[in-house]
Amino acid sequence: MMVPILKQGHFLIATIMAALSDEDMRQFREALLDRVVSSRATAVIIDVMAMDVLDSFATRTLREIAYMTRLRGARTVLVGVQPEVALTMVQLGLHLEGVATALDLEEGLAYLDRVNRRG
Amino acid sequence: MQQTHRHTLPIDSALELRRELVAHLRENRTVLREEWVRRITEAQLLRAMTKEEIFAEATSVYDNYVEALETDTLEALQAYARSLSERIIPRGVETDEVVGIVLLLRDVLARSLFGKYQNNPSKLNRVLDAYEPAANRIANTVAVGFVQERERVISQQQEAIRELSTPVLQVRERLLILPIIGVVDPHRARQLTEQLLRGIRTNRARVVVIDITGVAAMDAAVANHLVQTVEASRLLGADVIVTGLSPEIAQTLVNIGVDLGKMKTMGDLQGGIEVAEQSLGYKVVPTTQTEAMA
């Protein structure tokens, strides 16, 4: 299952359409990190709206993606976490510390806008 | 010997006995019903109801009882027990009263059977063999029906109280407040969280102020839940500011070792709203000042 990564100005937008296997998740990480550098993006938005489960592996991978993109000079915003998913994650003790979050794609873009203006 | 005799009782004779039993109960309906009502009044049960009401209900219970004995099915009785419970629970009838009246009816009927078959002990034995299990099943059904109905009413009311007691309010575009008042148990804490997360999504909130001035104390489990609520809200992209922590709750949070870096707190609700407005880019200025500027 491929995760489409779209370029929008200086941002990359990756929308995860369905639950991913661990292998898919790893491939997604590689593909996204390659794109960050090749497209000279300043930020990455990952949309997980369609995911109804975020397990420990997925959470860890998303955290890794955020840290690694930061090392490669871009920010990461995670958008579209569903209320039930959020609740389950905190109950399981899964956290996304250091990863910016926003309600949905629109809010994610607004957040990046604010951050950029602040400089 | 007796035991084997019971189990080898031919089915048709059991059926016949029950039929005989039902016929007896139908025949003596008026007498037995009156006797039952007399016993109810004597035992001072169902005091919330008038004598006429007791008599009317007793009549329907009696008929349903006999019918359940006759058909050996409990569905009709179950439905009746439910509707009876629905009617009498708001009147304040207690569980022990319902169980009491059903047991009284069982006793009244058993006594009448004793009276009828006292000259024929072996027949009496067989009649009781047929009567007792059925009567116990019926008593059970009515009591369980009542308790279930009561539990349903209670849980419905609890739900209603909880819903009422935790409003998620929008004070500005993108800013929600959640004033929590009263005792917070784990169940309510969970419900609060769910309601808040739903509120965040529908109002597209970016900042939430949770005010717990009205919460006197919190145990470690609920305090942990509060921290989880803050984290879950953040996953949805909303910052949470907790205000009005009492000294006791502050103590609890320190004791369980909450990572204070994850949680923004302010002394009171006003302070919390001010910080929230600031982070949303609002600035509240007195009108006199704006007029002076203009």
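Predicted model: local features only at pLDDT ≥ 70, side-chain atom pairs only at ≥ 80, totals over all residues.

Trainee: OK. What is the volume of the largest cavity?

Mentor: About 90 Å³. A volume is the space filled by probe spheres set on the grid points, which are joined across faces, edges and corners.

Trainee: And what counts as a cavity or a pocket?

Mentor: Both come from a 1 Å grid over the protein atoms alone. A cavity is a set of points where a 1.4 Å probe fits but cannot get out. A pocket is an open set with protein on both sides within 12 Å along at least five of seven lines. Lining residues have an atom within 4 Å of a point.

Trainee: How many cavities does the search find?

Mentor: Four of 30 Å³ or more, over the whole structure.

Trainee: Which element gives the most to the lining of the largest cavity?

Mentor: α9(B), with four residues. β2, α8 and α9 of chain B each supply at least two. The lining includes Leu178(B), Leu192(B), Val222(B) and His225(B). Element names follow DSSP runs, numbered from the N terminus: helices are H or I with at least four residues, strands E with at least two.

Trainee: How do α8(B) and α9(B) pack?

Mentor: At an angle of about 15°, with their axes 10 Å apart. That makes the two helices, α8(B) and α9(B), roughly parallel. Angles under 35 degrees count as roughly parallel, over 145 as roughly antiparallel, 65 to 115 as roughly perpendicular and the rest as oblique. Axes are lines fitted to C-alpha atoms, for helices over the stretch in contact, and angles run from 0 to 180 degrees between N-to-C directions.

Trainee: What about α3(B) and α4(B)?

Mentor: Their axes come within 10 Å and cross at roughly 130°. α3(B) and α4(B) are therefore oblique to each other. The crossing of α3(B) and α4(B) is right-handed.

Trainee: Switching to pockets. How much space lies in the largest pocket?

Mentor: About 570 Å³. It is lined by 27 residues, with Ala100(A), Thr101(A), Tyr111(A), Val115(A) and Arg234(B) nearest its centre.

Trainee: Which elements supply at least two residues each to that lining?

Mentor: α2, β4, β5 and α4 of chain A, together with α11 of chain B. α4(A) gives the most, five residues. By class, the lining of the largest pocket has 12 nonpolar, six polar and nine charged residues.

Trainee: And the second largest pocket, how much space lies there?

Mentor: About 320 Å³. It has 18 lining residues, and those nearest its centre are Val230(B), Arg234(B), Gly261(B), Lys262(B) and Met263(B). Its largest share, four residues, comes from α9(B). The lining of the second largest pocket divides into eight nonpolar, three polar and seven charged residues.

Trainee: Now backbone. What is the phi of Arg40(A)?

Mentor: Positive, about 55°, although Arg40(A) is not a glycine. Most residues other than glycine have a negative phi. Arg40(A) lies in the loop between α1 and β3 of chain A.

Trainee: Is Arg40(A) buried or exposed?

Mentor: Exposed, at 68% relative accessibility. Buried means under 20% relative accessible area, exposed over 50%, partly exposed in between, with a 1.4 Å probe and protein chains only.

Trainee: What about Arg174(B)?

Mentor: Arg174(B) has a positive phi of about 75°. It sits in the loop between β1 and β2 of chain B. With a relative accessible area of 22%, Arg174(B) is partly exposed.

Key: Residues numbered from 1 in each chain as written. Chains lettered and ligands numbered in written order. Heavy atoms only, no water. Nonpolar A, V, L, I, M, F, W, Y, C, P; charged D, E, K, R; others polar. Left-handed = near helix turned anticlockwise from the far one by under 90°.
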